[in-house]
Amino acid sequence: MWTRRSVAGALAATLAAPALAKQPRPSRLFFDSLSFLPEDMREIQGAGLGGMIADVSDLIEVRGADGVPRYSRNFAANDPAIDKAVERLRKSPYAYLARKGSEIGTRPGCAVFLQFQSTEMVERDLSRFAYFHGKGLRVLQFTHHNDTLFAGGALETRQTGLTPLGIEGLAEMNRLRILPDVSHGSVPTMLEAAERSKTPIALSHGAVRAIVDHPRCAPDEVIRAIARRGGVMGIFMMSFWLTRRNPPTVADYVAQIRHVVQVGGIDAVGVANDFPMAGQANLVKLHNDNGAGVKEYLGWWRALRGQGVPGFDWTPEHVVIPALNRIDRMARIARALEADGFRPREVDKIMGGNWKRLLTDVLG
């Protein structure tokens with residue numbers, strides 16, 4: 001059973017490190033299942049990553065008559081975006097474009113698997129799956145918060161699942177060996193994808209609904225469905241979906257991981273980020289003052305509350321776990337898991353082994 005004391009003790013000796021200090025290569029694989037290519041690619045080395053899923057999609061903000069911001073990832077923006085990411089990786093000594101899970105650890109640096117956080121750039125043209133796969137895309141999310149042509153999103157007043165086009169798209173992902181990602185999807189989307197997919201699926205970044213009752217978080221039936229097929233769920237760093245307690249702590253993060261293990265097994269969970277590699281930038285500038293930093297989210301939050309979207313009837317008080325909003329979060333999480341009683345082999349799986357296994361199963 002985890003305790004705040006045990007996790008705090010594991011972190012007490014760790015002092016703030018310079019953001020780009022070279023970290024010794026960890027003996028175990030550290031894999032981040034959702035982050036972004038940093039402006040300074042040395043940060044990948046500073047984070048100690050041996051693998052990552054990198055969202056390389058580009059988006060434009062669209063506001064409807066209700067004034068609520070939504071984000072579109074169309075073809076015109078994302079065709080050049082993936083090319084730019086591939087070129088950056090080609091030039092970097094710190095990371096390389098990975099096309100198969102079996103490539104993790106075969107070269108110096110971090111194996112990077114490219115992801116789009118939506119299917120919007122496909123539009124209705126299913127040939128674009130193969131087109132983007134040829135450019136290096138290996139993980140694809142059906143939707144980001146809102147409904148798309150392919151699937152229902154989590155943050156809608158009416159929950160829907162895969163559309164007929166989405167069922168065709170899933171079959172094409174399976175054929176090409178693109179990993180289907182149900183993050184940000186509705187519960188029907190997540191359950192249908194798990195049932196219909198011929199390969200395991202991923203929830204690359206999310207949280208547990210049994211701990212925070214919100215549609216962005218996955219209920220136990222989804223965790224079980226993903227785990228039953230050999231998939232993996234990454235627990236991310238956005239703290240208002242990890243705990244309602246204030247201040248949020250590393251113990252709250254460990255509690256999320258432990259819940260997934262209890263429901264889906266030790267092979268079903270990993271570590272995600274969903275912030276820039278060095279941390280949520282505004283909170284870093286504010287020295288992780290959550291009271292000030294959360295204000296940038298409140299306009300969006302209240303707008304969704306006004307729309308009647310479930311889960312927004314309370315107001316968040318924090319954005320990050322301060323001890324993890326930093327570049328060395330992976331090492332800190334590993335130490336916290338060990339202090340909480342996870343065995344070394346279990347920590348190996350959580351910190352990266354599960355993602356390597358899944359990506360090898362699906363991509364080769």
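Begin with the second largest pocket, which holds about 410 Å³ of space; select Leu-37, Glu-39, Val-56, Lys-84 and Arg-88, the closest to its centre of the 15 residues that line it. A pocket here is an open set of points on a 1 Å grid over the protein atoms alone where a 1.4 Å probe fits, with protein on both sides within 12 Å along at least five of seven lines, and lining residues have an atom within 4 Å of a point. The volume is the space filled by probe spheres set on the points, which are joined across faces, edges and corners. Helix H3 (residues 75-91) contributes the largest share of this lining, 4 residues; helices are DSSP runs of H or I with at least four residues, strands runs of E with at least two, numbered from the N terminus.

This is a predicted model, in which local features need pLDDT of at least 70 and side-chain atom pairs pLDDT 80 or more, whereas totals for chains, interfaces and linings use all residues. Residues are numbered from 1 along each chain as its sequence is written, and side-chain values use heavy atoms, without hydrogens and water.

Next, select Tyr-71, His-144, His-145, Met-238 and Tyr-297, the closest to the centre of the largest pocket among its 30 lining residues; about 910 Å³ of space lies there. Helix H11 gives the most to that lining, with 5 residues.

Finally, show Phe-240 and Trp-301, whose ring centres are 5.4 Å apart with planes at 80 degrees, so the pair is edge-to-face (centres within 6.5 Å, planes over 60 degrees apart). Phe-240 is buried, with a relative accessible area of 1%, and Trp-301 is buried at 0% (buried means under 20%, with a 1.4 Å probe and protein chains only).

Methods
Phe/Tyr/Trp six-rings, centres within 6.5 Å; stacked < 30°, edge-to-face > 60°. Buried < 20%, exposed > 50% of the residue type's maximum accessible area, 1.4 Å probe, protein only.
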